[in-house]
Number of protein chains: 4
Amino acid sequence: MIRVGVIGATGYAGQQLVWLLNKHTKTNIIFLTSYNYSDVSYDSIYRSYKGFLDNSCIDIHEAEEKLNSIDLLFIALPHGKSFDIVKKALALGVKVIDLGADYRLKSSSEYKEWYKLDHQYVDALSESVYGLPELYKEDIKDANLIANPGCYPTASILALAPLLKHGLIDASSIIIDAKSGVSGAGRSAKIANIFCECNESIKAYGIASHRHTPEIEQELSNIYGDNIALSFTPHLVPMNRGILATSYGSLSKDITNEDLITVYKDYYKDKRFVRVIDDVPETRWVKGTNLCDVTAKIDKRTNRVIAVSAIDNLMKGAASQAVQNMNIMFGLDESESLDLLAMAP
Amino acid sequence: MIRVGVIGATGYAGQQLVWLLNKHTKTNIIFLTSYNYSDVSYDSIYRSYKGFLDNSCIDIHEAEEKLNSIDLLFIALPHGKSFDIVKKALALGVKVIDLGADYRLKSSSEYKEWYKLDHQYVDALSESVYGLPELYKEDIKDANLIANPGCYPTASILALAPLLKHGLIDASSIIIDAKSGVSGAGRSAKIANIFCECNESIKAYGIASHRHTPEIEQELSNIYGDNIALSFTPHLVPMNRGILATSYGSLSKDITNEDLITVYKDYYKDKRFVRVIDDVPETRWVKGTNLCDVTAKIDKRTNRVIAVSAIDNLMKGAASQAVQNMNIMFGLDESESLDLLAMAP
Amino acid sequence: MIRVGVIGATGYAGQQLVWLLNKHTKTNIIFLTSYNYSDVSYDSIYRSYKGFLDNSCIDIHEAEEKLNSIDLLFIALPHGKSFDIVKKALALGVKVIDLGADYRLKSSSEYKEWYKLDHQYVDALSESVYGLPELYKEDIKDANLIANPGCYPTASILALAPLLKHGLIDASSIIIDAKSGVSGAGRSAKIANIFCECNESIKAYGIASHRHTPEIEQELSNIYGDNIALSFTPHLVPMNRGILATSYGSLSKDITNEDLITVYKDYYKDKRFVRVIDDVPETRWVKGTNLCDVTAKIDKRTNRVIAVSAIDNLMKGAASQAVQNMNIMFGLDESESLDLLAMAP
Amino acid sequence: MIRVGVIGATGYAGQQLVWLLNKHTKTNIIFLTSYNYSDVSYDSIYRSYKGFLDNSCIDIHEAEEKLNSIDLLFIALPHGKSFDIVKKALALGVKVIDLGADYRLKSSSEYKEWYKLDHQYVDALSESVYGLPELYKEDIKDANLIANPGCYPTASILALAPLLKHGLIDASSIIIDAKSGVSGAGRSAKIANIFCECNESIKAYGIASHRHTPEIEQELSNIYGDNIALSFTPHLVPMNRGILATSYGSLSKDITNEDLITVYKDYYKDKRFVRVIDDVPETRWVKGTNLCDVTAKIDKRTNRVIAVSAIDNLMKGAASQAVQNMNIMFGLDESESLDLLAMAP
């Protein structure tokens, strides 16, 4: 059994992770920490857990004392809060999967530019592996530190990777218009998050400035083999979960719709969590799963590809992807305890 | 492995059942039928199933030909449609769990009064077992025909049973005010069901006339030992799933809040799917599970008990309760493949 | 023109009031106050107002300086915060309509019992008029201080008044099961209010303890002519607006459904904001209006009346009722600027 | 008073129009027609209207007999159904505002290509005026036949017009990613429209094939002075109302964010229904109004403009724009009875 600890277990991503670890057949939860709910029983915060989990949350300092009793540390903290604990865990030989943003960007200056913060553990950046298993499975196997991808980057990269791998689109033409459920805004008590402020409305935010932009660019640049700058616009949609990303690129080669789908199917042929479909993805079909549904269609009149991808932002966009990474790191089957079918409606 | 067939697999309850059977470790799905989608692949109706289930739906007549290849038949049809197929199945020694209403009322005249239809298989009524395992587990073990309870009755009976068992309330004082998500209205293309007609509104319906009333009365009367007439009012709430039932009764004995909770905890002490809680239930904590959360509080000023229960209408109110019945009928652990923790948010 | 000030203009009820005053043909808004947004332009808080209202919020102390420039002060504060300003306003001859709870209960000891606070302006209680125009129109005309009714009491009292007026039900049998949209919880940044905690769930709260209970009892007792104790259970429903109250009482006289409706129609025959209907009310049909839709049906099997009423909690349950009171106080037509038809869907 | 008739009064756009006409100070409703509800009282279909409107619906043939008793005919029918009645109305000198698609495209061959139907009243195409008052106010004054714009085109054209007028973007680079509430799918009883199929999910549809594409292109080409082909992707969002359009174009000139906003403010300086704002639009701030909120921001890293616009799809995207056109055609103030402030929350 893999002994795990979770830092930041009461945010939405952290809780989703606890949900998955609770049902995982190969893990033992050793501790859960919470900044706001230290010493509080987990099932009084999320009352669904009554009868399933009897842990109480501890604080991060207690957790540091317990690092030597775990094999793997999951971290689900806001950016900039993970430096100390990661250093300590790695020094003790504890593997780390960070669901936050601190180790995703390989460049500490990009980190500073976008997160307005000096990176305080630069040495880890070269060692960390970007935990998108569809791209980096081999590296993940041997990694000690996984930078679990952001929710928008997961949906965006999986939609665009086949196109860039095959040079099918003009790399300067990429636009990603993404839509997320409100859980993406986190479990924080702000006026902007309250029901009546979100319900029955849609808005864009972070236009030309969202922090997931450089992460998407870094990874797509790697695939493409050259630097890519792109436009990324996130939107908030009145639903709990789900991300739909609609990505646009100008075709640089002649290709039919059928061949385009074939390119995608080939690219993802051994990737069981990506479903290339002919229909248009809807977030409800992947809700509560580790799946990414993706399709691509050609807009002949404008010579563009329009790729649409759907994920659950808390799952493939956060917690279940972290478990997928764990499975790979610890030699388990990649889909161990992740064989989840969306519950509809 | 239990070989099962599902009649009516594309309605919401039927689909939820398929979802559960698909993940059940001890069942094989032999066939699925659909009235509207005969010959259509299941994963093109519910696209979540792509990669999980490759069945196509058949029609009910084809299903009749295949009855000898199954051990158990689930039926999820509108009332009045099950008579023939149940007769045929039972004649062949196939066990039946009917999620519909045709075998719940023991009195065929009550059936006619409330459903406006002559019952066409009266002989089965004495044989059928009301499939609420918290009340009838022993009978379910040996049953050939299970009348799976309605969604509102499940929530209502579980909330009131301990009170009536112990004669704590005046049996003539019972009022049940229940609230359901829209999936309770079924997957049918009616104006009243479309998004904009349901969203951002709440309504009562079936006042003093809903068909679940006699079912609740029948079962509570059994527990109480005398005939009970009660008021039941269902409401439609703008959410996909969940039933919250708020039940009222006038106290006939002196009892404290603490003792009241103890009565409930004793009554349900071996029932793993009923959680007696001190807090007030919310449907989100049982969504996607076979659980019923229940509490009771005394309104001292009026000398009433107010019991609140929450279930998922498609799960404990339909499909997962059917699987719980199957587990019991076939000698499996009652909770086999039903150890489901609600996914929040 | 009536010169008005609004204390607490940025909460949901306060804002709804501003919305109404802005379109009212006979009022001038002199000032708006806000605790959290003092000196902030109103249209930067509620961006809908851009081009409609160019006020900035002031704080309550500045407002006190301006009392002599207004004819009427509206107050939309949490309970216990209005004592000082009401005293000052009345002393200056400024009329007051308080949307809060401080002057609704005629008994200061009841106030203390339910609100856990000593009432600090007891003298005003005898003078204040309970501002439910369907009951107290004549008193409202001459009032200097209006206690604008709570949202749940408005829906509940209007549903039950005709029954009690005519002694049609047993006064000890009353149960009110009410359901409210989330705006009823106010515009406050609490975890319990955030989108993902409210969406896709329903809960009861304040069981046997909600502060609107004594207010309903006081008013129904007045109508009935004797003290009434009743059970009141509020619920939170995932929608922005609306209250549906389902009220139960045991019939004490023989009456037909038709005669029952006639009783209601007679009782409300000159009341243009109460619509007695044969169908069952839905909150969507009164959303954004000052209307209360109400019906009553007999449950013959249990000899009960079930009355269902629907209002918009922010309108007839708060702001538009306040404007209705203003219209009456200042000799305008009762429906001046309140002729609002619900916008659907 | 303008005497008006409405063909198709029970669809969502038709009903919204009735709502506006009911409160309009200068119109009399002479008749309402409905295909599905002929001879049914309007207030039994939309129960909000009880006490406001006592019309019953008639059928379109009865309406033809009454054309000589009206000054203006509104039509809210599916495409292809308006040809006969428009011909008859115009022949009688009755002015027509068609909320449908039949007279928007000036080219009958484009109409055939996109709508798969031969246009049966080609003569009207040259005469009809595209009823976007911000572009064509002068023509509208004298028009007999107004082609009221589609909902997506209204939002899209208003967002992009200033950019194309001033040649600020490369006309071949335009991408419009639009999101609509479910009322945009109409009031029709289809499985795809029912609550549980739409709620808690988002999807794209009509990729590279939506019929509003040529309409947007036609109007933007007119402004630009040359043919434009663009990509347009609509999405369905789980809310009743609202369209948010996010539009992208590559900058062809150097310009600052400040100057860009100035360009928009100048372009719309006399247009009271377009609010150029610095913040990012949200649909809730324009819900229930004739307003379009719009902003534009430069993405410096990619040298693109991202313009975001928000409207209410049933109002500025349909019914209130039709009333705005009526006001202009009949010499009233453009904003007569359209001075609507969004009701929030």
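Reader: How much area do chain C and chain B bury between them?

Author: The size of an interface is often given as the accessible area lost when the parts come together. Here chain C and chain B bury about 4100 Å² between them, 56% of it on carbon and sulfur atoms, where buried area is the accessible area (1.4 Å probe) that two parts lose on being put together, summed over both. In chain C, the residues that lose the most area to chain B are E200(C), I202(C) and R301(C), together 17% of what that side buries. This is a predicted model, in which local features need pLDDT of at least 70 and side-chain atom pairs count only at pLDDT 80 or more, while totals for chains, interfaces and linings use all residues. Residues are numbered from 1 along each chain as its sequence is written, chains are lettered from A and ligands numbered from 1 in the order in which they are written, and side-chain values use heavy atoms, with hydrogens and water left out.

Reader: How many salt bridges are counted between chain C and chain B?

Author: A salt bridge is a side-chain nitrogen of Lys or Arg within 4 Å of a carboxyl oxygen of Asp or Glu. Between chain C and chain B the count is 6 salt bridges, and one of them joins the side chains of D177(B) and K179(C) (2.9 Å, N to O).

Reader: Is S180(A) buried or exposed?

Author: Buried means under 20% relative accessible area, exposed over 50%, and partly exposed in between (1.4 Å probe, protein chains only). S180(A) counts as buried because its relative accessibility is 1%.
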